[in-house]
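Keep the sequence and the 3D view open while reading.

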Amino acid sequence: MEKIKKIRKDIVSMSVFLAGGLCFAIWIIPAQIPVRGNQGAQAFTSRTFPYIITYSICVVAVLGLLSTILQYRKLRSDPAMREKGDKGEQAFPVKSTMEILIPYIIFGLIVVYGVLFRSIGYIVATVIILPVMLFLLGCRKWMHYVCAGLFAAMVYVVFKILLLVPLP
Amino acid sequence: MIDIIKNILTFENILMMNVGVAAGIIIGCLPGLNVIFAIAVLLPLTFGMPSIAGMYLLLGAYCGAIYGGSISAILINTPGTPSACATVFDGYPLAQQGRAGDALKTALVASVVGGLVSCFALLFFAPQLAVFSIKIQAPEFFALCIFGVTAAVGIAGEQIFKGVIMALLGLLMSTVGIDTTEGTQRLMFGHIQLMAGLKVAAVMLGVFALSEVMSKAQEVYATRRGSSAIPITFTKANIKTREILSHWKEIVMSSVFGVIIGAIPGTGGAICAMFSYNTAKRMSKHPEQFGKGCIEGIVAPECGNNATSGATLIPLLTLGIPGDAAVAVLIGALTMQGITPGLHLFTQDKVWVNAIMGGLFAINILMYFQGALFIRLFANVTRIPMVIMLPCIMILCVVGSFAINNASFDVIVTILIGFLGYVLKKCDYPIAPMTIGLVLGNLAETNLRRALIMSNGSPLIFVTRPISFVILLISFISLFAPLVKHTFDKIRGKGGVAV
């Protein structure tokens, strides 16, 4: 079951790359890379290299897709695997919703930190986001909050005072 | 000569070497954080520094992190970096016998010896390769870029299609910005900040460091009640350095392997460590002792993996081709300082080559003293809970990406690339080919264009010139060899081809 799930994931990702490659080749490259009048006759324009890459992505994605589909069909036709599927065996340990969502929540928090960093500055953004992140990760020891805070202060000193980076 | 030494051994340079080594050891001994991460995180600190001091900080981190991986391998049975994967086999059993200090000292001495041998290799072989590289023209350079990219795909192991897609994605990312030949805007989507292209440093911070924050968050949350205490108590080392050096056969053999393997793009310390360990075991008079805590079992992999450190710089300094993803990040640092690695470093910017070669020697010697004096302190680093590390890494990434150009736009790039990196890692896509593709993209395109101009548009130029033909042939063999091997295995009924 684990293998089937992995292959399904591969089929989706390869399809995304194929679709993305086609989008680039058909719409994005013509729209985003202008070719000047006198360049049209040249063999190698600004578009050539991106075109070579995107078409290569499409070809490799198709090959990858075919390969994964073949593997998927082979696995599905395997009687042992089908039996497992029928019995509904749980190959994975059950994860809580929070456990699944935590990377995305952390990503959201990083985005918020980036926005606050730009708008209200490093110190305030860090004071707000750092404890929230520690709390979300399950940190309940005050000492850990102090350590992370000290690190944040050290980063400020190093970048702002020693390296003269104009932090917002 | 004295002038070179004087230039290298300034207070600032020595300080940066020490800081780099210490940071590298600390990051290296934290499981899950690797050499690339160490360099990527320290990269922003170099922007405001003199170029040589900044380079020493990163080189120190590079060497320190390779060694640092052995500390957690010995003390908590978890290799801090993939390079230390073979150190676990004998390091941990030796520590379990109450000889943790001996195991750590053995790893330190072997690492330093391996590193010094690697420096000599860099010193002697890099100029030879540089002389050879004079013969190289645009078609050969393009072939070398293809070789670098296909070698990086080799890192992906059996996941050939995924590796190739990632390398192509990296090449596509390298086309963002103004086309330097024709002055055309490419894939900028109206953002003037992308005129100079995607900043390699911003991409590296996102793809290696920030994505790791998201990946590790799940692990940290799942094990939030667990602690990362050291199960083995630290003991003082009783083993003498000469006892370790008495295993000279393993040291020489592993160092040679390290230099050879390290100089081949797309290989790296982990492969060399495993290869050295297996060879030492096969050649040993008492192979039954391997895996039970024998000294040779630590000497061989540690010497081997550190011997790759200088050797990976040989293709970088002579041809401008990164040997692995860690060196690709170093290229990013060099580029930020306005230095383009390649042959002209040996002809025009010789100061740089001397500084790097001499600096590596000094770094390895400093690493020995740091390891000998502060090993207990470094061992305690494995106690730092990941829950503290993650927010700290996030802060460092955001501030670091801002510091690249003092622009918030780079922060946005880092965050978005970080998320992309997380999703790709989750789908088992290897990241290293993408970074090498990004670094080599411009070089590849420029030389492809020049080669086609040379041949009036005929792509046959790549196969009619012997050097470029041989390089391309090796590239395609290295790319398709795992696929062919798997097909044969499949025919014999051993298994299928992984995507």
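The largest nonpolar core has 227 residues, and those that touch the most other members are I39(B), A40(B), L58(B), V329(B) and M394(B). Helix α5(B) supplies the largest share of this core, 21 residues. Chain A takes part as well: its domain 1 (2-87) and domain 2 (97-162) both give residues to the core, so the core lies between them. Keep in mind that this is a predicted model. As a general background, nonpolar side chains tend to be buried together in soluble globular proteins.

Leaving out residues up to four places away in sequence, L58(B) touches G20(B), I39(B), L42(B), L43(B), T46(B), L330(B) and A333(B). I39(B), in this list, is also one of the residues that touch the most other core members.

Now turn to chain A. Its secondary structure comes to six helices and zero strands, so that the order of elements from the N terminus on reads α-α-α-α-α-α. The domain assignment divides chain A into domain 1 (2-87) and domain 2 (97-162). The centres of these two domains of chain A, taken over C-alpha atoms, are 37 Å apart. Of the 168 residues in chain A, 27% count as buried. Among contacts in chain A with a separation of 6 or more, 62% are between residues 24 or more positions apart.

How many residues does each chain give to the contact between the chains? Chain A gives 55 residues and chain B gives 55 residues. On the side of chain A that touches chain B, the elements giving two or more residues are α1 (2-32), α2 (48-77), α4 (97-119), α5 (122-136) and α6 (142-162) of chain A. Helix α2(A) gives the most, with 13 residues. By class, this side of chain A has 37 nonpolar, 14 polar and four charged residues.

A pair of helices in chain B shows how two elements can pack. The axes of α11 (residues 269-283) and α12 (residues 296-311) of chain B come within 8 Å and cross at roughly 145 degrees. The crossing of α11(B) with α12(B) is right-handed. From α11(B), the residues making the contact include G269(B), C272(B), A273(B) and F275(B). From α12(B), they include E296(B), G297(B), A300(B) and P301(B). The contact of the two helices has eight nonpolar, six polar and one charged residues.

F120(B) sits in helix α5 (residues 87-133) of chain B.

N406(B) is in the loop between α17 (386-405) and α18 (408-426) of chain B. N406(B) has 13 other C-beta atoms within 10 Å and is therefore partly exposed. N406(B) and M389(B) are 17 residues apart in sequence and 25 Å apart in space, C-alpha to C-alpha. Beyond its neighbours within four places in sequence, N406(B) is in contact with V165(A) and P166(A).

Methods:
Residues are numbered from 1 along each chain as its sequence is written. Chains are lettered from A and ligands numbered from 1 in the order in which they are written. This is a predicted model: local features need pLDDT of at least 70, side-chain atom pairs count only at pLDDT 80 or more; totals for chains, interfaces and linings use all residues. Two residues are in contact if their C-beta atoms, placed from the backbone, lie within 7 Å. Helices (H or I, at least four residues) and strands (E, at least two) are DSSP runs, numbered from the N terminus. Ala, Val, Leu, Ile, Met, Phe, Trp, Tyr, Cys and Pro count as nonpolar, Asp, Glu, Lys and Arg as charged, and the others, Gly among them, as polar. Domain bounds come from an automatic or database domain assignment. A residue is buried if 20 or more other C-beta atoms lie within 10 Å of its own, exposed if 12 or fewer, and partly exposed in between; C-beta atoms are placed from the backbone. A nonpolar core is a set of buried Ala, Val, Leu, Ile, Met, Phe, Trp, Tyr and Cys residues joined through C-beta atoms within 7 Å. Axes are lines fitted to C-alpha atoms, for helices over the stretch in contact, and angles run from 0 to 180 degrees between N-to-C directions. A crossing is left-handed if the near helix is turned anticlockwise from the far one by less than a right angle, and right-handed if clockwise.
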